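Colleague: I am new to reading structures. Could you take me through one, feature by feature?

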Amino acid sequence: MDEVRVKAFRALKPPCVELSQVALRYKGKKATGKDLIKALEDLQETLRAVIKQANTLDSKLAEYVFFPLSHIFRDTKDLPIRAVELALQCLQILVAHGWQSQLSPDLGKQLLILLTFLAGGSATDAKVKDINEELGSAAFDCLATLFEASRDPFLGDNIIQSHDVPILGHAVAVMLDGITDGPSAKVRLAALAALNNMISGIADDEALKNVFPGIVSSLTKVLSSKNGAKPSYRVLTASLATLTKILCKVISDDEAGESSEAQADAVAFIEAKEDGESSWATATAGQVRMALANILPLRYHERPEVRAAFFKLCVSVIEQCRKSLSQSIPMLTDTLIVLCSQASEIETANIFTLNGILAADASLLEIVKSSLHDWIVALPRVMQSNDDTRKRKALEQISTSFRVLQNQDIRLDTLNDSMAVNLRASVTAAIQDSSKAIRPVPESSLEVTQLLQFRSRSLSFTPVLFNESSSRIAMTGLQKLAEQLKALPTSISLQQGIVNVNALRSTSGDEQLASLWLSLQLLNDASVDASAVDQYLNLPPEYDAHEQLLDEVYSFSLDVLAKSTFEDEDRWRLQALALETVAIQARNQKYDFRPELVDALYPILERLGSNNAALQQHAMTCLNIVSNSCDYPDSASLIVDNADYLANAVALKLNTFDISPEAPQVLVMMIRLCGSALIPYLDDLVESVFSILACYHGYPKLVESLFSVLNAIVEEVAKSSTPLIEANSENNRPRAYQPTGIADLASILHTNLEQTTRPLSQLAPSPPEPTLDQDEEQSSSPPRPSSPPPAPLSKTDTLITSITSLTPSHLTTPSPALRLGILTLLTSALPILTSNTDNFLPIAATLWPVTSIRLYDSKENEPSTTLAAANALSILCKCAGDFLASRVEDDWDQVCKSYRRVEKEMKEESRTQSKVKGKENEIAKASTGRGMRWKAWNAVVGLLLVTVRDVGVTSEIEDGIFEMLGWLAFEREDVRDVLEMLNADTLWLIEEKARGEVLVKPHTLEGVHFRDVKL
Amino acid sequence: MSSACLPPAQPAFILRGHSAQIHALHFTKNNARLLTADADGWIVSWNLAFKRPVAVWKAHGNAVLGVGSWGTDRIITHGRDDRLLVWELGVEDENILDKTLPVDAVEASNKLPWLLHMLTVNTLNFCPFAMCRDGMPQVLSTQKVLKDNNMPEPILIAVPNNIDSGGIDIYQLPTQTRAANIGADRDITTGMVMALSILADSTRIQVAAGYESGHTMVFVQNDPAAAFQKLYSARPHTQPVLSLSIDPSKDTYVTTSADANIAKHPFPSGKSIWNTELKTIKVTPTKHSGQQGLSYRSDGKVFATAGWDSHVRVYSGKTMKELAVLKWHKGGCYATAFAAIKPVTSNVTSDQASEGQIGRSVVPCSNQASEEETEALVKMEEQSSAVGTVQQRRDEKARNTHWLVAGAKDGKVSLWAIY
């Protein structure tokens, strides 16, 4: 006995003595349970202190300490549970550190019986009392330590003699009870640990085999428990570990044969040797298979720890029980895949393990392959279901198996066909599923032009399919799978199977959508990979299969897009995908894509005009991508640069009377962007527009949109040709009013005199003769002898001419908005045409009646139309000048009537608008706050002014003008200027009159006789 | 072909840019370029892959009557300003030339392609020139020089005579000498020459001519020293002949006129002792008067005419049955051209075509590539199996499309991908 032990002995002696005394006194009712517990605690503390130094306890000391403890164990029934628990803990220390492996078999057996009793009651009298939780767990802990300590010598050879089997069996039963029915996780875990230790400690196979079925079934029960109370994950983990251990120990290939034998001989051995043994093995294998099947749901357990444990189980079984449990292998292989496919950091490592296992055994690969096939075949059905997690799992499994097989360089050619078919079916199912809850497509009211101005720079598409969050999982899964398929080195044939253009073209609806979607997933960025490969292989300039596929899908997409949006409104998702294809192609071909714009650009822009906001957004993104890829600074310059292609496409569309609403929108946008440079190329297009107008004039929406095109054309031309008009406008104006001089007066008087002296004299007009002579003007103006022969009309001018001459026939349209539009169009078109008089005057002649009708029409009573008509007429007068004089004269009554009408309306309006204010203020007010009727009136006033200034009026009309506008001369400078020019004298007269001065007839002037003038 | 259930054919593209009516069309550079010529004297060379102009210049002060190509890089234009010009226009020359289309051009650009030859010819007749490769053995020294310069082989140009508008002059290029002359017929009043076609094989020269009176005649010269013999004469039309084209098989030729008839004639190469009286093979009354711009496709299977009624019609080369009516233009059409199509080797017709020289049809509508071009085309076809970049593929596609183009009064050229 060395010094340490002596020291330990000294330390232990007092608490031991104390304990036995207390125990005795307690027996004699002389000590309370408290004292006992106190003593036990002291002992425990001392023990703990002692074992801090290694090797201090030996079996002798242990026996010494055990003696007082045995008192306790003897009377466990009467002692407080806490005391027993403490005693057990002390015992555990003793077993673990004292006896260790030197525990004598007898003592061991006794301890086993004792502990089993404590943990679960007696073998004969089962469940006499409820086991206390703490006590139970302490007992199990102790058991575990016992098994641990007594590894080989005691359990294997010594204890478990054939007659001892019942004891062991009982112990196992207690442990299993603890595991299955333990009141708390702690107890269960302790029981599991004990069982675990027992299994690893036991050396007698026979004994283990005897208890094996029980253990497996109990563990299975725990693992597959479906009732509400879920066992804690630690219990599950431990159970799985235990199960792994026992399976490997009992029925591993080595075990089934003979442990010493090499594995290679194992099979032969099984068959050659022991028939009884093999029948047992077969029966057990069946049972185990069922047990394993029962615990399979655990592979989806949410705790990674549990899955990790399950993984270990699978791996161990596959590695060690390859033959004995051959029936279970496929199941477990599947499970491995499933476990690997559940993404988490822990499990990435598992993949390596899995790969290792598979690499070692080709037959496993076959299993994986066949389960992959099954999964693929089942996939469409899964996708139809509502269970999202199931979908995700299915996809993940397929994905993982693909990866695994790929790592093993397995050729999957045999799977290709079914893969392609089922993938397509799956996507179809997924689409159908997701479109069940179809949301109304958001409408977009944005015009194409506006869209371009927004300059959205987005370069990525928002997914059109699987928008709903619920189906997003399915989508990402499918996408991932597609990604993987793409990465497969041998995937070309598979891809060709999936990207099957025949399938694309022959299918329809969701199926077609699915095919296109899948193709896109596969083709996206495909060439990037390809080129990287080719770099190293130094292949000839590649026109590889990828590109070929892409080309095929691209041409299909163009076909889809070529169809008018008008026809398949509800197939917008297909169109959106087609747009994506175009974008991909553009990305791949970069600058080389430019010639493709011949066919591709218009369809994109056409979708910009769509009512469907999502499709519109898609088109915008596609346009951005295309302009990026083709090296254009922005989409506007892309359009400007390719306006010829667009004009061609639109013209061909319109030529076939394709009256989709997008075409005019695109045209307007093009025209606005390109300006007048584009106009000469649009002549046939305008022709088509008019022939469509002729056929469809009953459809106001369409007609309006077409007129917006014409409007845009005219406006752009007008913008570019303004200076020309200014230079040209000084030609055929009426002469300005010249104040009547003395000489004139004299001649007038002279003629007057002549007239009066003549017998058949006509009454001279009461006001002085106007200075301008209409007839003279007329005769002198048209010839223009000095002007050179007019140059032939440019294409632009011809175009505007034809627009101007064809448009007025549509003025009879019932839609006020359209009438307004046409009048505005005329207003901007007329100035352009003035440069060529010969061409313009006939137009002016035809325009006057149709336009003026709009002004006169009192039924119409639409101030905006009146306004526009007046403006158009003003412009017409301004441009045509005195050419229109006779027409104005003919229509004068109508004009006056119209003026009175609008004046009346204006006044009524202003009265209703503000009854408080006086009329004077009203009119003086700035026009900004005015109503529509005021504006209309103002325009008519403008028309009258223009008529006076540019067309010239006869004297009768002049009177009327003064009558109508005279009162305005005080307020408005423009009116005053014009009236002054017309006849300053009359103006003066009116002003005087307004001032209220009475004009007195001069009394005497020599030689002159004044007549009475009624003013 | 065009059956009742099909929607009316639509052109694949419209080339806009001429402001005057189109008078002549011609495919060149293995169908990579299309030359269009208008009544103001403008020539535009279009890249058919991009459908955009690569060279625009004003070649003549007056209307262009005909356009042709000589080798791959030479362009022959024939204008009413009494000139026949030969321009050098290689692919690299395109870079320096103007690309502003006549519609946009304020005034003619002074950038012109290099001018190689100029002949002063008669253009009173509106008759475009006809050309073919000169089969005459060359003087050794000249040939050497020509080879050195990497020149295309010499050609013969047939145009109406300068003074005698019923006669025909034949010039040789590059020497610019008058090689032969055919006088106006003394017995028949033929009026002016309206359309010409010429074919030469070693020392033999064959000329087909159409006249104002509706006559058409074939002249053959078997020896440079001998005079031209009139081997065939017929009057299938009551109105002036408008266009004329030799079948690629070189056995027959077809004429159109201002009346509604289309007539197919024999194209004898020599006096046959068996059959002294040659007859018109077939006259088809089409009921559509005023068809011009006749052009044969290089395989001889179809030919097309441009109608004054704004329709382009496609006829079977064998039966002269109407196969398709293409309607897009609003105004009358004046010219058509076919892109040369891949020679099918099993086809006897095209075999012959590639063996011998290819005759130039009446030029404004000539669709036949000269022999060098055909050979180059064949070579291209062989290479096309090893397809190159996207760009090359696209060019390839544009070249191999079976284009039929038509030019009209409205200054537009419609491209149709049919047959």
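Colleague: Leaving aside its neighbours within four places in sequence, which residues is A:Thr581 in contact with?

Modeller: Contact means heavy atoms within 4.5 Å. By that rule A:Thr581 touches A:Leu516, A:Leu520, A:Leu550, A:Val553, A:Tyr554 and A:Ser557, with neighbours within four places in sequence left out. A word on the source: this is a predicted model, where local features need pLDDT of at least 70, side-chain atom pairs count only at pLDDT 80 or more, and totals for chains, interfaces and linings use all residues. Residues are numbered from 1 along each chain as its sequence is written, chains are lettered from A and ligands numbered from 1 in the order in which they are written, and side-chain values use heavy atoms, with hydrogens and water left out.

Colleague: Where does A:Thr581 lie, and is A:Thr581 buried or exposed?

Modeller: Helices (H or I, at least four residues) and strands (E, at least two) are DSSP runs, numbered from the N terminus. A:Thr581 sits in helix α28 of chain A, residues 572–589. Buried means under 20% relative accessible area, exposed over 50%, partly exposed in between (1.4 Å probe, protein chains only). A:Thr581 has a relative accessible area of 0%, so A:Thr581 is buried.

Colleague: Now chain B. Where does B:Ser213 lie?

Modeller: B:Ser213 is in the loop between β15 (204–211) and β16 (216–221) of chain B. B:Ser213 counts as buried because its relative accessibility is 15%. Beyond neighbours within four places in sequence, its contacts include B:Thr189, B:Arg235 and B:His237.

Colleague: How many helices and strands has chain B?

Modeller: Chain B has four helices and 28 strands. Of its 419 residues, 60% are buried.

Colleague: How many residues of chain A are in contact with chain B?

Modeller: 29 residues of chain A meet 25 residues of chain B. Buried area is the accessible area (1.4 Å probe) that two parts lose on being put together, summed over both. Here the two chains bury about 2300 Å², with 48% of it on carbon and sulfur atoms.

Colleague: How many salt bridges does the rule find across the interface?

Modeller: A salt bridge is a side-chain nitrogen of Lys or Arg within 4 Å of a carboxyl oxygen of Asp or Glu. The rule finds five across the interface of chain A and chain B. A:Asp644 forms a salt bridge with B:Arg52, and their closest N and O atoms are 2.8 Å apart. On the side of chain A that touches chain B, α27 (545–562), α32 (643–655) and α34 (683–695) of chain A each give two or more residues. The largest share, seven residues, comes from α32(A).
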